[in-house]
Amino acid sequence: MPIDISHLNKDDLLLEVNDLKKHFPIRRGTIRRSTGLVKAVDGVNLFVKKGETLGLVGESGCGKTTAGRTIIRLLNPTGGEIRFNDPKLGWVNLENLDRKGLSAVRPHMQIIFQDPFSSLDPRMTVERIIAEPLVINNIARGAELHDRITEMMRTVGMRPEFRSRYPHAFSGGQRQRIGIARALALNPKLVICDEPVSALDVSIQAQVLNLLEDLQRDLDLTYIFVAHDLSVVEHISDRVAVMYVGRLVEVADTETLYYHPKHPYTEALMAAVPKPDPRRRDRPIKLPGEVASPANPPSGCYFHPRCRYAKDICSKETPELLEVEPLHYSACHFSTELKLRGVIG
Amino acid sequence: MTNQTSGSLVESTVSIFPDEDIILKVRDLHTYFFTDIGVARALNGVNFDIPRGKVMGMVGESGCGKSVTALSILRMVTKPGKIVKGEITFYKQDRQKKSLVDEINLTNLEAMGPEMRSLRGAEMSMIFQEPMTSLNPSYTIGDQIMEAIILHQKVDNVEAEKRAITILDGVGMANPKLVVKRYPHELSGGMRQRAMISLALSCTPSILFADEPTTALDVTTEAQILDLMRELQARINMTIIFITHNLGVVAQMCDYVTVMYLGRVVEQATIDDVFYDPKHPYTSSLLRSIPHVGSHMKERLQPIRGVVPDPYSKINGCPFHPRCDQMMPGICDVKVPGLTGVGKSHTVRCFLFSDAVEVTDAN
């Protein structure tokens, strides 16, 4: 069931996702018969406001990367609706758009990948890497292209004289800057940041996070920031969505979600983050077991086998993502009753 | 104490623990890698003591020598790497009587010789970051744990399997009787790391090196593994050397912290001092560069300028001076500071706190 966003001003939104599904078939045997489905994304509802950073968090395998990629149609959705507020075309439905239609909106949606070592072609120079999107979309050529590359390299804090070097000549942080320059070359509106700093060293992480914040301010960008590091997400996000086994379990503004969560899974996640303060050694809430398999999820609420508040209803009925407080969404039968602990306390 | 100039400077000021509590002493350790493009000076005179039964955190950016230190102590540095200088003393204790039985200089032993092989696994062992690449994919979990048990304890297969199951059960593995028959690829990341820990603990070592044991895991699994390590540490009074770059994990786990930069120890202190009274500019910048969860604040991060220099280059003076905001021209870029005491259980290598100069400098 899509969440009700009728009380929001449509012009302030950049993206609206309703009941998004992405299922992968499990193939076995010599004829690759489909024997089941991995429901990586299974009914995600969300909206993204213009200019904000929406953090998307969850454990590995929860479907956050798949969700990010499906939203910009790097993967074709199995079902659901993706509506993008294109700066030129207005509201466009992306889920069924053909190649031609996509090429018109793609320049406004880009992605920054996790691993700066595998997401850059080792046989292309920095110049060619940044030029590629500009050439493909017929945006610039010749001297203009040269200038645009110089400008992009300066924007991400790289010296333009390094343009003819290959990716291997750069450190991880520098490579991530190249990836960012490539993503921003087309002046996108929406940028999916898929774990952009998790492969980087702590001190380099800070440099790249600062860069992303500066770029957002200067270029009027909207980020969907996919990450598993909750301290990074708290730092960079305006709002955060928590994902568990293909579904969103809670969405709220960062402060509310971290300090006053309404879903037991969020509470457990917050308790598990190791706090960088030796005077605050709290024992984490024990979360038994492992993340449920998206190929064979439990009945009812997917989190119920690990939930310390679970009651009978939880194994029978799947809770919907509901607005429990203004702009605070939670998918738990007991959201309004439970008194949950935030990241502190 | 802080102004000695002789070669004994390092010796007299590095120890922040009483001698009888020390399990491992590392002095002036140099490990180099002789590669085709030059000599990488991975360790440039590492000095520290590890107190018995405590958890010592080792932090620093990639390439600062954390892992090489652990591998050097275990004598697992392989070609083209070599320990070129230094001493590593292991104080072996009788577990029951709690009395010192031997003082072994590990650098004098043959890396693959019988003495070292009898220590590795039995007295010291290691947990690696990525359990998938450090477990053997073609043997079952049971086989791998039993191998270590049979090698170090005189037991037969049946007894070894029983012990393997007990250990797996002890690390909170669900269905240990089934898991011994499983191959690594059949387990999830958290289960594999539990298997790895069981393997490392199979002979109840007195020192455990944990090299980023939770970095590849999710937070909830990480919390489970950290909890487990804390519990095991308390139960068998194990000494843990916890290598990580996650300062949150350090704050939650460690009693003491050793901060390394470019193959040297730059600061060693109690966990509280490191977080609340860090002395070395590198330590404080490292703390300022990370987002603190639950800080309620969205202030800008302050990254450390520049990057870690590559280990092939040679930097004059203090190795951190090109990135340091408090660099004193004419001092920091000329001389290498010595490790000196700055209060109880706290040593630092910085001219802001002492004039002591490193005397046993690398060539």
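Mentor: What follows is a run of questions about the terms, each settled against its definition.

Trainee: Before that, what kind of model is this, and how is it numbered?
Mentor: It's a predicted model, where local features need pLDDT of at least 70, side-chain atom pairs count only at pLDDT 80 or more, and totals for chains, interfaces and linings use all residues. Residues are numbered from 1 along each chain as its sequence is written, while chains are lettered from A and ligands numbered from 1 in the order in which they are written.

Trainee: What makes up chain A in terms of helices and strands?
Mentor: Chain A has 10 helices and 12 strands.

Trainee: How do you know that the radius of gyration of chain A agrees with a compact globule?
Mentor: The radius is taken over C-alpha atoms, and the globule rule is 2.2 Å times the number of residues to the power 0.38. For 345 residues a compact globule would come near 20 Å, and chain A has 21 Å, so the two agree. Its C-alpha atoms fill a box of roughly 70 × 55 × 50 Å along the principal axes.

Trainee: And how compact is chain B?
Mentor: Chain B comes to 12 helices and 12 strands. Its radius of gyration is 21 Å, close to the 21 Å that the rule gives for 363 residues, so chain B is as compact as a globular protein of that length. The C-alpha trace spans about 65 × 50 × 45 Å along its principal axes.

Trainee: Why is A:Tyr329 called buried?
Mentor: A residue is buried with 20 or more other C-beta atoms within 10 Å of its own, exposed with 12 or fewer, and partly exposed in between, with C-beta atoms placed from the backbone. A:Tyr329 has 23 C-beta neighbours inside 10 Å, so it counts as buried. You'll find A:Tyr329 in strand β12 (residues 328–330) of chain A.

Trainee: Which residues is A:Tyr329 in contact with, leaving aside neighbours within four places in sequence?
Mentor: They include A:Ile3, A:Glu250, A:Val251 and A:Leu321. Contact here asks for C-beta atoms, placed from the backbone, within 7 Å.

Trainee: How much of each chain is buried?
Mentor: In chain A, 48% of the 345 residues count as buried. In chain B, buried residues make up 50% of 363.

Trainee: Why is the unit of β7(B), α9(B) and β8(B) called right-handed?
Mentor: The word applies if, with the strands pointing away from the viewer, the path from the first strand over the helix to the second runs clockwise. β7(B), helix α9 (residues 219–236) and β8(B) make a right-handed β-α-β unit.

Trainee: What is the strand order in the sheet of chain B?
Mentor: It's an open sheet of 8 strands, ordered β6-β7-β8-β3-β9-β10-β12-β11, with mixed pairing. β6 and β11 (340–341) of chain B stand at the edges with a single partner strand each, so one side of each is left without a neighbour in the sheet.

Trainee: Where is the antiparallel pairing, for instance?
Mentor: One example is β10(B), residues 264–270, with β12(B), residues 346–348, over 3 bridges. There, B:Gln268 has B:Thr347 as its bridge partner.

Methods. Helices (H or I, at least four residues) and strands (E, at least two) are DSSP runs, numbered from the N terminus. Two strands pair if DSSP finds at least two bridges between them. Two residues are in contact if their C-beta atoms, placed from the backbone, lie within 7 Å.
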